[in-house]
Amino acid sequence: MPKPLTENEVNRLTKLLDDRKRTFLEDYVKQSKKSRWLEQLARKKGIVLQDNMSTTDIWSKINDWELKEILDGGYGERPYRCECGMPLRFCYVVHHRQENKTYRLGETCLTNYTMLSPDLIKDITNGFHTIDLERDNILLKFERGWAMPEHYDILPLPEFITQQIEVGLPLSTKQLDKIEQQFKQELQRRRREQEMARLARIREQRFKVASMPRHASGSPIESPEKITYEIVLSRHLDQLKQIRENEVKLNSPQMQTKWHNIQQMIKDLKGGLAFDYSKFLIQMFELLYHLGLY
Ligand SMILES: [Zn+2]
């Protein structure tokens, strides 16, 4: 499992956030950890969680140690004390409803005092570390600068995701993957439409340039956009896969040459060579059209 950032590094990155962003991120981490605790415990007890169940309902079914609160004493501070006496920055407040017991514990002492199985606690704390990694991912993206992917503005995103975007925090890779999966068809459709529009624009500009007097043809065709290997894959991987799956149907030598060209262009792009995006698009769309996939 990859290591979370050091406390020092998290502190440095957190300082880049304003109050709203910091509070949002802290809440997100806390809520995620509480739900992870709940899910793991429910799973262990064979309780199937349903969307319409309230947290209180679930807890009355589980009837075991509940994670009430995660206290954070702040960077460099250890104001809390574990039941064992160890000073703590992060303090997990756990409560047993039936036995009416509350403990304040550090992560390492969770097993000793709750008598929950070490395997379960290990699953839970591994889950906590995954959540810390996700927080690190958000912090690092914020430092590097981030923009919301195209077309997300028209999606019915879950409310907390909209809020996260609204406060100005990047979405984690995990959140992005989930959205891409959930809205796959809608996003594919939008992206295809956009490509068609882009292609039409390129064709029109080429036509204009071709029909212009000779001396003006050196002017840039469109405002240059730096096309990277990652951009091409993120936009066209599905289409390339479709062509690959149907390549046996490319029965004319011209089409086979185009397919060969495209693959070579991608290899060259990956290797850092010059890349003609409009040439790539035109050939790719011709192939898709030829195969009846467009
Ligand atoms: Zn302890």
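This is a predicted model: local features need pLDDT of at least 70, side-chain atom pairs count only at pLDDT 80 or more; totals for chains, interfaces and linings use all residues.

I started with helix 2 (residues 19-44) and helix 5, which pack at an angle of about 155 degrees with their axes 9 Å apart. Residues are numbered from 1 along each chain as its sequence is written.

Helices (H or I, at least four residues) and strands (E, at least two) are DSSP runs, numbered from the N terminus. Axes are lines fitted to C-alpha atoms, for helices over the stretch in contact, and angles run from 0 to 180 degrees between N-to-C directions.

Back to the pair: their angle makes helix 2 roughly antiparallel to helix 5 (under 35 degrees is roughly parallel, over 145 roughly antiparallel, 65 to 115 roughly perpendicular, the rest oblique). I also looked up who meets whom. On the helix 2 side I found Leu25, Val29 and Trp37 among the residues in contact, and on the helix 5 side Leu120, Phe128 and Ile138 are included. Contact here is C-beta atoms, placed from the backbone, within 7 Å.

Ser117 lies between helix 4 (110-114) and helix 5 (118-144). Is Ser117 buried or exposed? Ser117 is exposed, because it has 11 other C-beta atoms within 10 Å (20 or more is buried, 12 or fewer exposed, in between partly exposed, with C-beta atoms placed from the backbone).

I found 3 strands in an open sheet, ordered 1-4-5, with antiparallel pairing (two strands pair if DSSP finds at least two bridges between them). Strand 1 (65-72) and strand 5 (101-105) are at the edges with a single partner strand each, so one side of each has no neighbour in the sheet. From one strand to the next, the twist averages 20 degrees.

Strand 1 and strand 4 share 7 of them, and Trp65 stands opposite His96 in strand 4. Strand 4 (residues 90-96) is joined to strand 5 by 5 bridges. There, His96 faces Lys101, and Tyr92 has Leu105 as its bridge partner. The hairpin of these two strands has 4 residues between them, and Asn100 takes a positive phi near 50 degrees.

Last entry: I zoomed out. The protein is divided into domain 1 (7-148) and domain 2 (184-290), with bounds from an automatic or database domain assignment. Their C-alpha centres lie 47 Å apart.

Definitions and conventions:
Two residues are in contact if their C-beta atoms, placed from the backbone, lie within 7 Å.
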